[in-house]
Each structure stands twice: as structure tokens, then as C-alpha cells.
Amino acid sequence: MAGASLIERLRDPSETALGVLLLAPAFLLLALIVVYPIGTLIFNSFFDLRLSGGSGMKFVGLENYLLVLEDADFWNATWNTVLITLITVPGALVAGLGLALLANLPFRRQWPVRLALLLPWALPLAFAGLIFAWFFHTEYGVVNDVVRRLGFGSEPTMWLLRPGWAFAAICLTIVWKTSSFMALILLAGLQMIPRSLYEAAQVDGATRWQQFWQITIPMLMPSIIVALIFRTITALQTFDIPYTMTKGGPGNATETLAMLIHKTTIDYLDVGYGSTLAVFMFVLSLAVTTVYLRRIGRQA
Amino acid sequence: MQRRNLMKALALAAGMAAAAGTTAAFAQTALRVFSGGANQRPDLMRKLFDQYQAANPGVKIEIETGGATSELQRQYLSTVLNAKDSAIDIYMIDIVNPAQYFGAGWLEPLNAYVGNPADAMKPYLPVYLQSNVVDGKVAAMPGFADAMFMYYRKDLLDKYKIAEPKTWDELAAASKKIQAGEGNPNLQGLSIQGAPIEGAVCTFLLPYWSQGKEFNDASGKLTLDKAAAVKGLNQWLAMVDSGVIKRNVAEVKTPDTVNEFKAGQVVFAINWGFAWDRFQVDNDSTVKGKVGVMPLPAMAGGKSATCVGGWQWAVSAFSKNKAEAAKLVKFMSTPAASKFLAVEGSLLPVYQSVYTDPDVVKAVPWFKDASNVVIAGKSRPLSKDYGQVSDVVRTTTSAVLARTKKPDDGVGEIQSRLARVMR
């Protein structure tokens with residue numbers, strides 16, 4: 001009887017039931033690949049769980065959280081991560097906007113320009129890091145070779161062995177690597193701005209500079225916001241480029257939060273503490289995303 | 001009555017047949033062995049396993065390989081062993097790992113199979129009593145050795161009539177003399193590894209040990225002598241200042257040392273045993289036939305010491321065939337096996353006696369110089385958290401060599417960080 005009614009209901013579901021049924025697969029998938037791992041992460045963060053000792057799991061409550069707050073390595077890594085974000089996101093935006101404007105010029109052949117834009121984006125992050133590590137190598141690097149040929153400095157600079165220079169080199173690499181992604185999104189935005197707006201502005205006697213600030217930037221704003229959100233979130237997760245360029249060195253001068261989590265969990269096999277660190281990073285990303293989403297909400 | 005007896009006899013016969021059947025089934029033991037990555041030569045191990053199978057028809061050995069570096073292998077094995085997986089019976093593990101694995105209860109103590117530790121380890125190189133015996137139990141048996149060697153340019157030392165230096169100061173003086181005499185600005189006196197890689201742990205330990213100091217006691221507790229460690233790091237920095245070691249030493253990785261020595265740009269180089277073949281066999285080597293090996297210099301008043309590496313055989317605590325597994329481990333750790341690996345793969349023997357074996361000397365002549373070095377070899381810190389110990393030591397050493405940390409602060413950091421881990 002009940003079975004019959006179930007089949008009946010499945011065959012002719014109400015509007016709500018149909019909605020639930022159609023959403024169920026997506027919800028289950030999300031639960032499996034997002035909710036479950038995050039839940040496990042938060043659960044583990046309350047335990048002393050080290051794979052190296054074989055001592056099993058021990059509930060420690062908030063102890064890991066208190067340790068994180070006192071951990072100088074955590075604050076160092078957080079500061080580095082925030083600094084990289086603050087430098088490379090605007091950096092990539094400016095560079096990306098320049099590239100997009102260039103690519104939007106009426107070239108006779110568009111594809112070489114587009115290809116040049118796409119290539120850095122298509123290159124895996126780790127490769128970019130390894131390549132730039134060679135560029136900045138003290139003896140074999142092209143950077144020092146150019147500096148020497150230009151006649152600057154008798155002693156070669158040890159780019160990746162000086163905390164400030166290493167940081168700068170990493171930021172430069174990240175900007176190079178990510179500005180093409182910015183440019184692609186912004187180029188799409190640029191192409192949606194109607195020609196007629198510029199023509200009207202010209203008739204009214206607006207200069208190129210005025211056109212840029214009064215038409216291009218406001219019309220491009222939605223694309224800029226989208227690009228910034230994506231870029232900021234990936235910047236907070238920065239791992240590959242510093243890992244391959246300096247391994248966080250010298251010392252831990254260029255260690256990011258993601259690298260500290262990786263080191264704690266994978267090298268030290270301290271899953272409990274590593275999970276707690278990851279929870280902090282999760283909260284940081286969540287806070288930044290919320291701020292952006294609020295802004296978008298206000299704009300819409 | 002008779003009938004009953006007959007039944008009994010039949011039952012007995014059936015029982016015996018069944019028992020025989022079970023014995024036959026038991027005799028076919030399958031052993032699964034984790035045999036490291038390509039550098040640990042699973043191909044040669046397979047040949048040894050085939051020999052063992054031929055002599056023991058009841059045993060079938062399967063090989064599993066994985067992980068190109070010691071760190072990757074440790075990550076994999078820690079996961080498998082943490083899950084108490086019984087699928088693998090025998091593990092090949094790096095010399096830095098028996099303490100961790102045994103401490104975690106992952107390895108079967110081998111005393112019951114090989115006897116008491118002191119006697120069992122007697123025929124081997126002295127380092128194994130330290131590295132493979134944990135809490136009075138034999139945690140693993142030596143498979144093959146490796147060590148940090150001091151390679152040098154025989155031709156250049158002969159040219160300037162310089163004897164093999166016995167102390168670091170003598171080495172620095174010899175380098176200066178040769179560098180000045182050759183007039184080649186690219187010629188380095190000494191090449192060591194200062195990048196934050198595993199080799200930098202040895203870079204930290206070599207001058208420290210050579211003052212007769214220990215990093216840890218037998219129980220694994222940290223016994224770092226701060227003054228001596230600072231002195232050791234200052235020894236390297238002094239050599240950087242005097243131009244014996246190059247300024248960007250904190251960028252130098254193991255292959256850099258090998259390649260620069262091969263290119264004829266280095267007088268003295270510290271590196272693992274594999275480098276010898278690269279210097280003498282590789283087509284692009286410009287130093288073929290000009291290379292010597294000597295014991296590492298000591299600090300004035302100290303004694304020579306080197307970092308020993310190499311791989312061990314251990315039986316899993318979760319294996320279902322421990323007795324058979326232990327038998328195989330014993331076989332893999334015999335002088336015959338060690339000799340086979342030396343002759344076929346230039347893998348360093350774990351027995352002092354094998355270094356002077358005529359067949360070995362014929363196949364790998366430099367091993368007779370190598371034995372003096374390996375006998376003075378020491379094990380890196382023993383800790384269940386070796387991953388962390390290694391990371392702290394190599395990162396700090398590299399930062400000191402990059403001069404972003406003062407030796408005093410760096411050693412203080414190593415001390416405070418490791419005091420929590422090694423106690």
C-alpha cells in the first residue's frame with residue numbers, strides 16, 4: 001500500500017517534491033566532496049592525532065587552537081600570506097588590465113595576442129615556480145646575467161637567499177603568472193562595452209584619459225570584482241610558487257599558511273595540529289569571501 | 001568391534017590426509033616486500049629474492065616499490081603502517097626511520113630470530129648498533145650502506161704537493177693554496193650542500209660531530225652542545241668568508257655539487273656514495289681518473305666523523321608470516337647478499353669484511369678507501385619525529401649559511417624546537 005503510494009508520488013510529484021528530487025544529486029555530491037571533508041577537518045582539529053607516534057587519537061578540546069594562537073610560525077605564515085595577497089592581487093589587476101587593454105586594440109591578427117595571454121595561464125604553477133627559481137639563481141640565473149651585462153654591481157645578488165628579495169621575486173612571479181587570468185576575464189568585459197559609448201564621448205570632446213575613467217572603468221567594474229574574488233581566494237592559498245622557488249626560505253621568511261599546513265601534516269605527520277591550522281585558514285578565506293559577496297550584493 | 005576399528009582407522013587416515021593438506025598449503029607462503037624506489041635498486045633485490053625462492057620452494061616473494069626519495073617513502077609508509085595494514089610483510093626503510101617505526105609499534109622485534117643485539121650487530125659496521133637497535137631490541141637488519149664522502153682532486157693535490165688534510169683548517173689552507181695557484185676565479189675550494197634538503201642535516205652535523213660531540217643519547221634525548229654547534233657553523237661561515245666555499249652555498253643541492261665537481265670547478269666535495277660513479281663513469285665528467293676519496297677532516301683536536309645513510313630490512317608488526325619474513329630478512333642481510341649488491345650495483349656493503357673481499361675490490365676498487373670512511377660513520381638523530389627533526393635542522397642550517405640568521409640564534413632555535421620533540 002505504502003509502496004504503491006510511493007511509486008504514485010514518484011510518478012506525479014508535487015512541485016516541492018520535484019524540486020527536492022532534482023536538487024538531491026547536486027546536494028549529495030556537495031555533501032560528499034565539500035561538507036564531509038570540512039567536517040572531518042574540524043573534527044580532527046580537536047584531537048592530538050600524530051601518525052608518527054602510533055599513539056592513536058586523544059581528545060584535547062581546544063588545546064590545539066590555543067597553541068596555534070601562541071605559535072610564532074603560524075603568525076609569520078599568516079602575515080606572509082596576507083602580504084602576498086595584498087601585493088599580488090592589486091599587482092595582477094593592474095598588469096592584467098594593461099594586458100587586456102593591449103589585447104583589445106584592433107590588431108590585424110588577434111590570435112598571437114590571445115595566445116600570448118593564454119600561455120602563462122595554462123602553465124602549471126609549479127613549473128612557473130621552477131622556471132623563475134632558475135631565473136633568479138645567483139650564478140646560473142638570467143636576472144643576474146642581465147644585471148651584470150648592464151654593468152651594475154660587481155657582486156651578484158643572491159635573490160632567493162635574502163628575505164626581502166626572495167619575497168619580491170615570489171611576488172613578481174605570482175603577478176606574472178596570474179595577470180593573464182585577470183586579463184582574460186577583463187578582456188571579456190572590455191568587449192562587452194558598446195562602441196557607441198566611446199563614439200558619443202568623442203563627439204562630446206572627452207579625452208582618451210577621461211574616456212578610460214568615465215566609461216571603461218565603471219563598465220568594467222563587474223568583471224573586475226569577479227576577477228578580484230577569484231584571485232584573492234587563490235592568493236590566500238598560495239603554495240606552489242614559493243614552495244618550488246624557496247621552499248619557504250631563507251629560514252621561514254617566505255613560508256605561507258598553506259605551506260605551513262602542508263609541512264605540519266605531511267612532513268611532521270601531525271594531523272591534529274595541521275587540521276587546526278587549516279581551520280584557521282578556512283576561517284580567513286571565509287571572512288574575505290563574505291566581505292566580497294556583501295559588496296557584490298550591494299552593487300546588484 | 002572390528003568394524004568400529006576400521007572406521008577409526010579410516011577417520012585417522014582422513015585426518016592425517018587433511019593435516020598433510022594443510023601443511024602443504026602453509027608451505028606456500030607469499031611474502032610481500034616494500035623495496036623502496038628506483039635508487040634502492042629493486043631490480044637487484046628481485047634477483048636476490050629469486051635466489052631465495054629457488055632455495056626455499058615454499059616461499060613466493062612479491063615486490064612493491066614506491067617513492068623516489070626517503071621523505072616520500074616515509075609519508076607513504078607512515079600511512080600504511082598507521083592503518084595497521086597486514087598486506088606488506090617486509091619493509092625496506094631508510095637508516096633514519098627504525099627509531100620512529102619501532103617506537104610506534106610498527107616493527108616486529110627481531111631478537112627472537114637473530115639473537116641479542118650486541119652479538120647480532122657485531123659483524124656489521126659499528127653504526128648499526130646505534131641506528132638499528134631501539135630500546136634493546138633489534139628493529140631492523142642492515143641491507144646496504146651509504147655515507148657522505150670527501151672527494152678530492154688527486155691531480156691538484158699532487159701538483160701542489162699537498163697531503164690529504166686531516167682538519168678543516170688544513171683543508172681550508174690547502175684549498176686557498178690551490179685556488180691561488182690555479183688562478184681560476186670559478187674554482188671552489190670546498191662544495192657542501194647548504195640548500196634546505198636532507199643533505200643539509202649532514203652539513204650541520206659533520207663539523208659538530210668532528211668535535212667529538214653527540215646530537216642525542218641512546219634513548220633519543222637531545223644532547224646538543226650549543227657552543228660546539230655554533231663553532232661548527234662558524235667553521236663553514238669562515239670558509240665562505242675566505243672564499244673556500246662559494247657565497248651562495250645556501251642554494252647548493254646534492255646534484256649541484258656533483259655537476260660542479262664533474263666540470264672541474266671544485267677541489268674538495270662532500271657528497272653521497274653514488275657520486276663516485278658520476279665522476280668516474282659519466283661521459284661529461286672532466287675529472288675521470290683524477291678523483292680521490294678520503295675520511296672527512298675533523299675540527300682541531302676532534303676526530304673524523306661522517307653521516308651514514310643506507311637502507312634496512314624490517315618485519316612488519318602486522319605481518320601474518322613473521323617467522324618466514326624474519327628468515328628472508330636474515331638472508332637479505334648476509335655477507336653474500338651484501339657482496340652481491342656491491343659487485344652488481346656498487347651499493348656500499350654493511351659488513352666491514354666485504355669491503356676487502358677480492359671480488360668486490362676488483363669490481364669497485366674505490367671501496368677499499370671507502371671502508372675507512374664508513375667505519376667512522378654515525379647515524380643521524382634517532383627520533384620518532386625524524387621528519388620534524390630533519391626539517392628544523394636543515395631549514396635553520398640553510399638560513400645560517402644564507403646569513404639571514406646568526407649561528408647563535410640558529411642553534412638556539414634548533415635547541416628550543418627540538419627539545420620538545422626529542423625528550
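Chain A is divided into domain 1 (1-29) and domain 2 (63-299); such bounds come from an automatic or database domain assignment. The C-alpha centres of these two domains of chain A lie 46 Å apart. The model is predicted: local features need pLDDT of at least 70, side-chain atom pairs count only at pLDDT 80 or more, and totals for chains, interfaces and linings use all residues. Residues are numbered from 1 along each chain as its sequence is written, while chains are lettered from A and ligands numbered from 1 in the order in which they are written.

Confidence in chain A was examined through pLDDT, the predictor's confidence in each residue, from 0 to 100. Its mean over chain A is 89. A value of 70 or more is reached by 96% of the residues of chain A. Helices (H or I, at least four residues) and strands (E, at least two) are DSSP runs, numbered from the N terminus. Among the elements of chain A, helix α11 (residues 240-245) has the highest mean pLDDT, 95. Helix α1 (residues 2-11) of chain A has the lowest, 66. Where pLDDT is low, the predicted coordinates should not be read in detail.

The loop between α11 and α12 of chain A holds both K247(A) and P250(A). A cis peptide bond joins G249(A) and P250(A), with omega about -5 degrees. K247(A) is a residue other than glycine with a positive phi, near 55 degrees. Burial is judged by counting other C-beta atoms, placed from the backbone, within 10 Å of a residue's own: 20 or more make it buried, 12 or fewer exposed, and anything in between partly exposed. K247(A) counts as buried because it has 22 C-beta neighbours inside 10 Å.

A201(A) belongs to helix α9 (residues 195-203) of chain A. With 16 other C-beta atoms within 10 Å, A201(A) is partly exposed. Contact between two residues requires their C-beta atoms, placed from the backbone, to lie within 7 Å. Leaving aside neighbours within four places in sequence, A201(A) is in contact with A206(A), Q211(A) and I215(A). L119(A) lies 82 residues from A201(A) along the chain, and 35 Å separate their C-alpha atoms.

Chain B has 20 helices and 12 strands. Its C-alpha trace spans about 105 × 50 × 35 Å along the principal axes. Of the 423 residues in chain B, 51% are buried. Among contacts in chain B between residues at least 6 apart in sequence, 72% join residues at least 24 apart.

The domain assignment of chain B gives domain 1 (26-145 + 309-369) and domain 2 (147-307 + 379-421). Their centres, taken over C-alpha atoms, are separated by 29 Å. In chain B, 18 residues of domain 1 are in contact with 16 residues of domain 2. On the domain 1 side, α3 (70-82), α4 (98-103) and α7 (127-131) of chain B are the elements that give two or more residues. The residues of that side divide into eight nonpolar, eight polar and two charged. In these classes, Ala, Val, Leu, Ile, Met, Phe, Trp, Tyr, Cys and Pro count as nonpolar, Asp, Glu, Lys and Arg as charged, and the others, Gly among them, as polar.

The axes of helix α19 (residues 386-401) and helix α20 (residues 407-421) of chain B come within 9 Å and cross at roughly 175 degrees. Axes are lines fitted to C-alpha atoms, for helices over the stretch in contact, and angles run from 0 to 180 degrees between N-to-C directions. The crossing therefore makes α19(B) roughly antiparallel to α20(B), a term for angles over 145 degrees. Residues of α19(B) in this contact include V389(B), V392(B) and V393(B), while those of α20(B) include I414(B), R417(B) and L418(B). The contact residues divide into nine nonpolar, three polar and two charged.

Helix α12 (residues 254-262) of chain B has D256(B), T257(B), V258(B), F261(B) and K262(B) as its buried residues. These pack against β7 (149-153), β8 (188-191), β9 (266-271) and α13 (275-281) of chain B. G264(B), with a positive phi near 80 degrees, follows α12(B). D135(B) lies in the loop between β4 (133-134) and β5 (137-138) of chain B. Phi of D135(B) is also positive, near 50 degrees. D135(B) is partly exposed, with 13 other C-beta atoms within 10 Å.

Key:
Parallel < 35°, antiparallel > 145°, perpendicular 65-115°, else oblique.
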